[in-house]
2 protein chains.
Amino acid sequence: MAALKYSRQRESIKEYLASTTSHPTADAVYLHVREEFPHISLGTVYRNLNLLADMGEVIKITTPHGGDRFDGVTKPHYHVLCTECGEIIDLNMDIVHSINEQAEKCFDGSIHSHTTLFYGTCRECLKKKKSI
Amino acid sequence: MAALKYSRQRESIKEYLASTTSHPTADAVYLHVREEFPHISLGTVYRNLNLLADMGEVIKITTPHGGDRFDGVTKPHYHVLCTECGEIIDLNMDIVHSINEQAEKCFDGSIHSHTTLFYGTCRECLKKKKSI
DNA sequence: ATTCGTGCAAAGTTTTTGCAGTCAC
DNA sequence: GTGACTGCAAAAACTTTGCACGAAT
């Protein structure tokens with residue numbers, strides 16, 4: 001077990017994720033943190049994002065297109081992917097734990113948890129579609 | 001709109017996916033189809049998998065680790081990812097459409113659908129864990 | 001002093017794409 | 001004959017990793 005040491009870079013990454021709801025990709029995090037640490041490398045960003053995700057201080061969201069995205073909100077919650085603009089939006093909705101039990105009835109084994117990604121159209125994009 | 005033409009390679013890929021429940025990666029499909037078409041290229045496999053997925057004749061499953069996986073069962077259904085062995089297993093459970101409506105109440109926009117991936121331990125791996 | 005973290009660059013993995021030839025219609 | 005599909009190879013996109021130096025304890 002390696003002891004964890006403080007690093008400003010890691011702290012900056014954590015702060016950025018805590019301050020935004022944009023669910024940035026690793027590259028977006030890199031571009032942002034680079035404003036504070038112009039010499040930070042993408043490798044360091046990836047290392048820290050994975051480290052934070054492993055410690056549960058950050059959530060890694062796997063999406064169908066493009067790379068993984070990161071979320072500073074660690075309380076379990078669902079996301080919506082807008083199929084028009086590709087944005088990922090937090091859903092302020094309680095996790096439906098009951099479907100784990102429902103699933104376990106249909107599965108030869110045990111179920112611990114689940115992730116759900118909703119597909120929809122955000123308000124911005126609904127507006128645009130109407131105005132066409 | 002390009003007219004679709006028959007191709008044996010595409011047919012073989014489709015047949016393979018219809019015949020297995022193993023949710024192979026693109027590479028695994030490639031390795032299998034290569035037995036019938038030794039000169040098929042990985043590029044062709046990817047092109048056809050994407051084509052079939054776009055037409056809805058095959059489902060692309062995005063998973064946290066490794067590449068995407070493909071499923072010949074087009075009827076909407078959930079999957080379980082065994083966190084021990086990494087296998088993806090079909091869940092014979094009805095889609096809970098009601099959570100789309102639930103989600104829409106919490107979202108400023110419209111929700112069309114959702115995908116859910118359950119995390120669990122399959123029977124095989126439960127056995128192994130017990131015997132340790 | 002020791003151990004972990006960083007920057008850099010190289011390499012790894014997965015997926016897409018350009019092109020010339022081939023096959024289906 | 002035309003347009004789609006193929007194999008091949010190169011490239012793109014994303015992520016990880018080895019190494020020597022610097023920072024934290």
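In this predicted model, helices α2(B) and α3(B) cross in a right-handed sense, a crossing being right-handed if the near helix is turned clockwise from the far one by less than a right angle, and left-handed if anticlockwise. Helix α2 of chain B spans residues 26-36, and α2(B) packs against α3(B) at an angle of about 115° with the axes 9 Å apart; axes are lines fitted to C-alpha atoms, for helices over the stretch in contact, and angles run from 0 to 180 degrees between N-to-C directions. Helices are DSSP runs (H or I, at least four residues), numbered from the N terminus.

From α2(B), the residues Ala26(B), Asp27(B), Val29(B) and Tyr30(B) meet Leu42(B), Val45(B), Tyr46(B) and Leu49(B) of α3(B), where contact means heavy atoms within 4.5 Å. By class, this contact holds seven nonpolar residues, no polar ones and one charged; Ala, Val, Leu, Ile, Met, Phe, Trp, Tyr, Cys and Pro count as nonpolar, Asp, Glu, Lys and Arg as charged, and the others, Gly among them, as polar.

Turning to the DNA, DNA strand D is surrounded by 23 residues, the closest being Tyr46(A), Asn50(A), Ser7(B), Ile40(B) and Thr44(B); a residue is near a strand if one of its heavy atoms lies within 4 Å of it. Of the atoms of DNA strand D that come within 4 Å of the protein, 71% belong to sugar and phosphate. Helix α3(A) gives the largest share of the surface near DNA strand D, five residues.

Around DNA strand C there are 22 residues, of which Lys5(A), Ser7(A), Thr44(A), Tyr46(B) and Asn50(B) come nearest. Here a polar side-chain atom of Thr44(A) is 3.0 Å from a phosphate oxygen of DNA strand C, and a side-chain N or O atom of Arg47(A) lies 3.1 Å from a base nitrogen of DNA strand C. The largest share of the surface near DNA strand C, five residues, comes from α3(B).

Residues are numbered from 1 along each chain as its sequence is written, and chains are lettered from A and ligands numbered from 1 in the order in which they are written. Local features need pLDDT of at least 70, side-chain atom pairs count only at pLDDT 80 or more, and totals for chains, interfaces and linings use all residues, while side-chain values use heavy atoms, leaving out hydrogens and water.

Methods
Helices (H or I, at least four residues) and strands (E, at least two) are DSSP runs, numbered from the N terminus. A polar contact is a pair of N or O atoms within 3.5 Å; within protein, one must be able to donate a hydrogen and the other to accept it, and residues adjacent in sequence count only if both atoms are side-chain atoms.
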